[in-house]
Amino acid sequence: MSLEQHAIIIILAPLVGSLLISLFGGLHRRLSYLLLVACLGISFASTIATLRLVAARAAIGPLHYYLGDWPPPYGIELVIDPLNALVLTMIAGISLLVAIYSKEMARRDNPDRLHHYYTLFALLVAGLLGITASGDVFNIYVLTEISALASYALLARGRGFAYYATFKYIIMGTIGASLYLLGVGYLYIKTGTLNIAELPTFINSSGLVDSVSIRVAFILIMVGLWIKMAFFPLHGWLPNAYTRAATTTSCLVAPLMTKVSVYVMIRVMLGVFTLPYIYHVMGWNRAVVWLASLAIVAGSIGALAQTNIKRMLTYIIVAEVGYMVGGAWLGNAAGLTGAIYHIVSDGLMTACLFMAVGAITYKTGDSSLEAMRGVFRRMPVTAALFVVGALAMIGIPPTCGFFSKWYLIQGGLVAGHYGFVGALLLSSLINAVLFFRLFEIGYYAPFDTEGTPPRGHGTTVVDEAPFSMLMPLLISAVMIIVVGLSTSRIVSGLIQYSLPAGL
Amino acid sequence: MEDLLAYIISRYNYWAAIILLLIGLYGMIAKNNLLKKVIGMTIFQAAIILFYVSIGDKRGATIPILAHGHDGAHQAVEAAAYANPLPHVLMLTAIVVGVSTLGVALAILQKIYRVHGTIEEDEILETIDQ
């Protein structure tokens, strides 16, 4: 009995937590931080328990949780299968790490209204977890908007022109969510249901499979999600909004928001429309994979042109979205495995890199390439962990970045889509150039330490980031390698069961 | 020609929603004033809400409340006589979402005005370039 409730505790813990933080967080300086870490810790523990449960019964079927004990045609249900159990664990884990990481930085960025900041933080995580666990297409819309609203408010609390950048994100995000909602409306007109478990049988029934309305619904939902995940050429809002944001905000938003949209896309493709419908009725897959290849190339070249590390990372996110969309649309087991695995591995890599850059910014007050000067001597631990994240992004074994690329390239070769394979290899190469340039600046470039002229190694003072920042960074870097080493277990124990039979 | 006209008239609710959607999209893309963009966004959302509300309605249907629900529970319920309440209920949530988005957008617009001293997009871009 107690185990069965884990599915809802995953979402309720941060939701109730955000309420408690807004009510009591103002009472004491440290209370809101402790409440946030506690509620995300509960949520993470529940995702681990659910993951174990789902993995144990992976062959039987997904876990259903009926809210208020109302069965599906009338009530709303949460459905947790191996696919979203994996994504839920990733979201809860990374948000817990970022919450711990935010201790010093968030207090410095929000001296007066820390509890408001943490309320939005918890609300954003609750929305993201809800999207992932939901078994109902309309609920996905509502929860998308909850997390989007929280992210608008968080991103706007940044520096410089954050308000203008956020405003553009609001407009784009609202268009994306509205198109998704319109698509859901078309689906509802034709099928009369919003439940993900019921939709595929209706859509693939003989009366509806050729329906133009269903096709329009599919196009609207896909375009809406592509805007939300910043899929090239709909990515214009992302670099500005994420670069201007405060450090802890970008550490939270950058790894999670786009990845959750990718998850919803894969869920809609596999669970609602099903692959035969997409590949045979729509017949768009090659065009979309070409677009994804273009996204990878454009994102990588965009990253090459940047002089700010954070901005460079945001362009890498655009390229990574191309990886996942391309992998999902290749339409074979290896490509889909790569796309699903990459959701988790990219979340970890992005979180590690953003946290490392955040720690450097915390000490230098700067996130330009020049901030890297002498970082290997001043902040050896941060720099070493940054290297782990960077190697994962380039795709060096045994990091998880290597294995997701391995599956994606394999999928591209099986599908005979050499453009996608080429784009992946090119992007790895460009990532190598990007990060080795940073290593070079960090290792060899001359630097000043406050008045002391650089006269050799002896004068350098080690000035590390605080422990509350280093610890989450260390865990994320270790997880990059652990997830990489346990790839075969993740793929055969979880991802394999989320792929449709006979693929 | 008459066929086309009949075709358009028979689905006038969809046409109204599409026209409103396009007006909203035009406002968001083409207008230079950020407040007008917000107005466009609101029209865009309202179009979708009206679209949903219109699909729940039926000709000659009444509101979905059973007149003698408590004592005449054995009476057969004729679904065709009632409007479909589900799209309407969904839109209650969507209206709340729309209002919240509008609220956040207006709050950020106010902040933009304080930082940049204007809400005209080209003038804001000029201040960013400097």
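## A proline in a loop

Helices here are DSSP runs of H or I with at least four residues, strands are runs of E with at least two, and both are numbered from the N terminus. The peptide bond that leads from Phe232(A) into Pro233(A) is cis, with omega near 0°. Ala230(A) lies in the loop between H8 and H9 of chain A as well, and its phi is near 60°, a positive value in a residue other than glycine.

Pro398(A) belongs to the loop between helix H16 (380-394) and helix H17 (400-415) of chain A. For context, most residues other than glycine have a negative phi, and most peptide bonds are trans.

## About the model

This is a predicted model, in which local features need pLDDT of at least 70 and side-chain atom pairs count only at pLDDT 80 or more, while totals for chains, interfaces and linings use all residues. Residues are numbered from 1 along each chain as its sequence is written, chains are lettered from A and ligands numbered from 1 in the order in which they are written, and side-chain values use heavy atoms, with hydrogens and water left out.

## The two chains

Chain A contains 20 helices and two strands. Its radius of gyration is 22 Å, close to the 23 Å that the globule rule gives for 503 residues, so chain A is as compact as a globular protein of that length. The radius is taken over C-alpha atoms, and the globule rule is 2.2 Å times the number of residues to the power 0.38. The C-alpha trace of chain A spans about 80 × 55 × 45 Å along its principal axes.

Chain B has five helices and zero strands, which run α-α-α-α-α from the N terminus on. Here the radius of gyration is 22 Å, well over the 14 Å that the globule rule gives for 130 residues, so chain B is more spread out than a compact globule. Along its principal axes, the C-alpha trace of chain B spans about 75 × 50 × 15 Å.

## Domains 1 and 2 of chain A

Chain A is divided into domain 1 (1-134), domain 2 (136-282) and domain 3 (284-450 + 460-503), with bounds that come from an automatic or database domain assignment. The centres of domain 1 and domain 2 of chain A, taken over C-alpha atoms, are 21 Å apart. In contact (heavy atoms within 4.5 Å) are 32 residues of domain 1 and 31 residues of domain 2 of chain A. The two domains bury about 2800 Å² between them, 72% of it on carbon and sulfur atoms; buried area is the accessible area (1.4 Å probe) that two parts lose on being put together, summed over both. On the domain 1 side, Tyr117(A), Leu124(A) and Ile131(A) lose the most area to domain 2 of chain A, together 23% of what that side buries.

One salt bridge is counted between domain 1 and domain 2 of chain A, the term being a side-chain nitrogen of Lys or Arg within 4 Å of a carboxyl oxygen of Asp or Glu. The side chains of Asp81(A) and Arg267(A) meet in a salt bridge at 2.9 Å, N to O. This pair links distant parts of the chain, 186 residues apart: Asp81(A) is in the loop between strand E2 (77-80) and H3 of chain A, and Arg267(A) is in helix H10 (residues 247-273) of chain A. Over all chains, the structure holds five salt bridges.

## Where chain B meets chain A

The contact between the chains takes 37 residues from chain B and 27 residues from chain A. Together they bury about 2900 Å², 84% of it on carbon and sulfur atoms. The rule finds one salt bridge across this interface. Lys168(A) forms a salt bridge with Glu121(B), with the closest N and O atoms 3.8 Å apart.

Helix H2 (12-30), helix H3 (34-56), helix H4 (85-116) and helix H5 (121-129) of chain B each supply at least two residues of the side that touches chain A. H4(B) gives the largest share of that side, 17 residues. By class, the side of chain B that touches chain A divides into 27 nonpolar, seven polar and three charged residues. Ala, Val, Leu, Ile, Met, Phe, Trp, Tyr, Cys and Pro count as nonpolar, Asp, Glu, Lys and Arg as charged, and the others, Gly among them, as polar.
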